[in-house]
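Visitor: I'd like to learn how to read a structure like this one, feature by feature. Could we start with the strands?

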Number of protein chains: 2
Amino acid sequence: MSDSPPARPVTACLLIIGNEILSGRTQDANLAYIATGLNSVGIQLREVRVIPDVADTIVGTLNEMRHRFDYVFTTGGIGPTHDDITAENVARAFNVDLVLDPEAKRRLKALYDSRGIEMNEARLRMAHVPQGATLIDNPVSAAPGFQIGNVFVMAGVPKVAQAMFESIKGRLTGGRTVLSRTITCDLAEGTIAQALGAIQQDFPEIDIGSYPFWTATGFGANLVLRGPDPEQLAMATDAVSAMVTALGGNPTEPPT
Amino acid sequence: MSDSPPARPVTACLLIIGNEILSGRTQDANLAYIATGLNSVGIQLREVRVIPDVADTIVGTLNEMRHRFDYVFTTGGIGPTHDDITAENVARAFNVDLVLDPEAKRRLKALYDSRGIEMNEARLRMAHVPQGATLIDNPVSAAPGFQIGNVFVMAGVPKVAQAMFESIKGRLTGGRTVLSRTITCDLAEGTIAQALGAIQQDFPEIDIGSYPFWTATGFGANLVLRGPDPEQLAMATDAVSAMVTALGGNPTEPPT
């Protein structure tokens, strides 16, 4: 991150590519991890799309997203099998060839040689990237992801996706980090709604969300305040806390 | 479901509305549930979008999605607080007024009366639906969702969202159910990729996905076959199983 982050928000979109998520067979486990990691470097995740392994859908969605957001991250579809079509369609979206990357081939060959596995045509597919792309390290299983323009292409398997994301975090230029405080209250949302809305109006730069819960022992709401300015955030949080107390509740702040 | 389902696929999109998902604070727990449930009534989930609680984003996305898919399902943003803006923006998308629904008010009042809770302005917001909408039952906390046109608006809290979805499943008209078989093999994806791709070419109506795994005890891939025709599915599954055996692996099918 630079010393003087840009004043405007830096935005990102996540593209989850995979029939297995849309069929309900596999539960996505990357969204929350990437969202939290992006926020830690001052980048706001503004949209997520889950799309199938369909060539034209990948190309169309990617070309829409990469012009609308500062960064696009994709997960899924970069393995050796016939249903792994992300790399070739990212190349199509950028109108460049998919080419063999010698360094990617070297990394794969080193892994396979060490395990006595043959390098065949299918495995060599994973060494192909769009012309002009730079590699994203894969410390788990060698086959790299890649970056082209503002698009970062990562694996879908959570352990690999998360390792890849950690390895690129340093390349990203964020804006101001969005800070967060949470007040848990033991009042129903309907009881606090009006007063909470008034506080939101008093602090337009703070984004206040209310998330109700019902547990075996009771009910209440988590009131989440988010914003880049620590002083504004502290004032708004104090106002929310005082409001809960004034309405007869007990505000608590979970340890961070 | 009708006796003679339409020949073309029936498609759906899920719109997850909520800053708490995009910030990474909350892990979505509705996608896989709704995807699986839709498939059980012959509807294919084709796209999921996660969008923030921003009025114009909700309106624009909804108007795009409801014309592209047979069904749109939304979760999130229908509570009593200021950040619950889904209902009013669904009304805007359909260019109708948001109106008080007497039956929704009656249901809320019955719940509040039984618990000695006052009906205030914030709670009354939850009895408002777009003009022309029909209610979706909420057996958990009374505040209903609603259907307008091909759009089904549900709560975000998983227990409520899932109960609402169960209550509307009977209203949906699906096509042929997509059947699924899974062969787990103990070979690396790179070993089976070429032969698996050949089987995919032999069975164009079957969608074959390969999902690698690494566990403490070994590695392999789940080979998932999906399609509407039981005979084609059985033939393709047999072909995959025989292929794994021929390549020296041990194909197993998990109990369903």
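This is a predicted model: local features need pLDDT of at least 70, side-chain atom pairs count only at pLDDT 80 or more; totals for chains, interfaces and linings use all residues.

Visitor: Which residue in E11(B) is the bridge partner of Phe213(B)?

Guide: As a general idea, strands of a sheet pair through backbone hydrogen bonds, either parallel or antiparallel. Here, Phe213(B) has Gly220(B) of E11(B) as its bridge partner. E10(B) and E11(B) run antiparallel and are joined by nine bridges, and the two form a hairpin with two residues between them. Two strands count as paired if DSSP finds at least two bridges between them.

Visitor: What is the strand order in the open sheet of three strands in chain B?

Guide: The order is E9-E11-E10, with antiparallel pairing. E9 (179-185) and E10 of chain B stand at the edges with a single partner strand each, so each has one side without a neighbour in the sheet. Ignoring direction, neighbouring strands of this sheet are turned by 20° against each other on average. E9(B) and E11(B) pair in the antiparallel sense over seven bridges; to find that pairing on screen, look for Thr182(B), whose bridge partner in E11(B) is Val224(B).

Visitor: Which strands does H8(B) lie across?

Guide: H8(B) lies across E9, E10 and E11 of chain B, and runs at about 170° to E10(B). H9(B) also packs on the sheet, where it touches E9 and E11 of chain B, and its direction makes about 5° with that of E9(B). Axes are lines fitted to C-alpha atoms, for helices over the stretch in contact, and angles run from 0 to 180 degrees between N-to-C directions. Two residues are in contact if their C-beta atoms, placed from the backbone, lie within 7 Å.

Visitor: At what angle do H8(B) and H9(B) pack?

Guide: Two packed helices are described by the angle between their axes and the distance between the axes. For H8(B) and H9(B) (residues 230-246), the angle is about 160° and the axes are 10 Å apart. That makes the two helices roughly antiparallel; angles under 35 degrees count as roughly parallel, over 145 as roughly antiparallel, 65 to 115 as roughly perpendicular and the rest as oblique. The crossing of H8(B) and H9(B) is right-handed: the near helix is turned clockwise from the far one by less than a right angle. Residues making the contact include Ile192(B), Leu196(B) and Ile199(B) of H8(B), with Ala236(B), Val240(B) and Met243(B) among those from H9(B). By class, the contact has nine nonpolar residues, no polar and one charged. Ala, Val, Leu, Ile, Met, Phe, Trp, Tyr, Cys and Pro count as nonpolar, Asp, Glu, Lys and Arg as charged, and the others, Gly among them, as polar.

Visitor: How many residues does each chain bring to the contact between A and B?

Guide: Chain A gives 46 residues and chain B gives 46 residues. Elements of chain B that each supply at least two residues include H2 (31-40), E2 (43-51) and H8 (189-202). The side of chain B that touches chain A has 18 nonpolar, 16 polar and 12 charged residues.

Visitor: Which residue of E2(B) stands opposite Arg49(A)?

Guide: Arg49(B) does. E2 of chain A and E2(B) run antiparallel, joined by three bridges, and Val48(A) has Val50(B) as its bridge partner. Within chain B, eight bridges join E1 (residues 10-17) to E2(B), and these two run parallel; one place to look is Leu14(B), whose partner in E2(B) is Val48(B).

Visitor: Is E2(B) largely enclosed or open?

Guide: Eight of the nine residues of E2(B) are buried, so the strand is largely enclosed by the rest of the structure. A residue is buried if 20 or more other C-beta atoms lie within 10 Å of its own, exposed if 12 or fewer, and partly exposed in between, with C-beta atoms placed from the backbone.

Visitor: Is Pro139(A) buried or exposed?

Guide: Pro139(A) has 11 C-beta neighbours inside 10 Å, so it counts as exposed. Pro139(A) lies in the loop between E6 and E7 of chain A. Ala142(A) is in the loop between E6 (134-136) and E7 (145-148) of chain A, but with 20 C-beta neighbours inside 10 Å, Ala142(A) counts as buried. The phi of Ala142(A) is near 75°, a positive value in a residue other than glycine.

Terms used: Residues are numbered from 1 along each chain as its sequence is written. Chains are lettered from A and ligands numbered from 1 in the order in which they are written. Helices (H or I, at least four residues) and strands (E, at least two) are DSSP runs, numbered from the N terminus.
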